[in-house]
Amino acid sequence: MKKALTLGALAVTMTILLAGCGSSSATSTKSTSSSSGSSKTTKIVATGSTALQPLVEQAYQNEHANVTINVQGGGSGAGLSQVAKGSVNIGNSDLFAQEQKGLDAKGLVDHKVAVVGMAPVINKDAGVTNISKEQLIKIFQGKITNWKDVGGKDEKITVVNRAQGSGTRATFEKWGLDNAKVATSQEQDSNGTVQKIVSTTPGAISYLAFSYVKSDVQALSIDNVKPTEANVATNKWKIWAYEHMYTKGQPTGELKNFLTYMTSKAVQGSLVEKLGYIPLTSMKVDRGQSGAITNLK
């Protein structure tokens with residue numbers, strides 16, 4: 001797994017990423033002076049998925065000094081809601097907009113920029129590396145409460161969940177837990193916070209985007225299938241999602257340029273992989289909103 005960047009670094013990248021002029025009212029343009037003369041600065045605002053933050057934060061801006069970006073987290077639900085209202089330029093999401101309950105997705109335009117794998121992770125003290133999907137479901141339902149019951153240490157299991165509205169949570173529950181109803185547990189609002197809690201809390205279990213899985217937590221295999229990028233690419237590992245950047249209407253100006261750049265060879269062939277994401281070009285399958293799988297040539 002690739003190591004994740006700090007949230008501070010993420011903020012810088014988001015500033016780069018959001019640099020576009022869209023139709024949203026959140027975009028503002030002002031005149032500034034530079035050594036080469038007068039130029040315009042475009043301000044872009046993006047919010048949403050924290051799984052996408054590391055990628056968004058490191059692209060584009062170094063080559064476009066006339067663009068400033070304000071990037072915020074808040075989860076996929078918040079990103080989709082705000083871009084639909086026109087209060088931000090980009091809504092970052094792990095979900096298709098049509099999957100978000102209560103959202104009018106009409107007019108939102110989807111821009112897929114990467115694929116993110118997700119894995120159940122535990123505190124390394126538990127002594128487990130592989131469990132069955134049935135066991136995983138029972139743990140999150142509160143039916144299995146000690147690691148010794150799945151071959152690990154005699155230690156209480158502490159479940160850490162993501163908050164409601166999190167695209168990472170929705171993806172994990174859909175593809176990792178088969179939409180089973182989970183027990184009430186503590187909730188956290190970002191991948192970064194979850195990573196810190198699991199790494200320092202004996203017996204803890206949660207789930208993270210691959211880009212946040214560090215060496216101080218143990219990623220679990222499920223039914224002896226490892227959470228690897230190669231397994232995601234073929235859908236052998238099913239807990240994954242597209243990283244979407246939604247705009248309200250078709251993007252224009254710098255925003256359009258930025259979104260085009262995000263799917264370019266320069267980004268897909270280097271930065272996407274470097275930050276622990278899976279390039280769109282590496283996928284052997286396509287998965288639609290309904291979950292239907294199509295093999296790619």
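Let's start with a word you'll need: a residue is buried if its relative accessible area is under 20%, exposed if over 50%, and partly exposed in between, using a 1.4 Å probe and protein chains only. This is a predicted model, where local features need pLDDT of at least 70, side-chain atom pairs count only at pLDDT 80 or more, and totals for chains, interfaces and linings use all residues. Residues are numbered from 1 along each chain as its sequence is written, and side-chain values use heavy atoms, with hydrogens and water left out.

- Helices (H or I, at least four residues) and strands (E, at least two) are DSSP runs, numbered from the N terminus.
- Two strands pair if DSSP finds at least two bridges between them.
- Strand 11 (residues 218-219) pairs with strand 6 in the antiparallel sense over 2 bridges, with Ala219 as the partner of Val121.

- Rings of Phe, Tyr and Trp (for Trp, its six-membered ring) pair if their centres lie within 6.5 Å; planes under 30 degrees apart count as stacked, over 60 as edge-to-face and the rest as tilted.
- That rule gives 5 aromatic pairs.
- One of them joins Phe140 and Tyr207, a tilted pair at 6.0 Å centre to centre with 45 degrees between the planes.
- This pair links distant parts of the chain: Phe140 belongs to helix 4 (residues 133-141) and Tyr207 to strand 10, 67 residues apart.
- Phe140 and Tyr207 are both buried.
- Tyr207 also pairs with Phe172, this time stacked, at 4.2 Å centre to centre and 10 degrees between the planes.
- Here too, distant parts of the chain are linked, with Phe172 in helix 5 (residues 167-175) and Tyr207 in strand 10, 35 residues apart.
- Both Phe172 and Tyr207 are buried.

**A cluster, and charges over rings**

- Phe96, Trp240 and Tyr242 make up one aromatic cluster.
- A charge sits over a ring if NZ of Lys or CZ of Arg is within 6 Å of the ring centre and within 35 degrees of the ring normal.
- Lys112 lies over the face of Tyr242, 5.2 Å from the ring centre.
- Arg287 has its charged end over the ring of Trp240, 3.9 Å from the centre.
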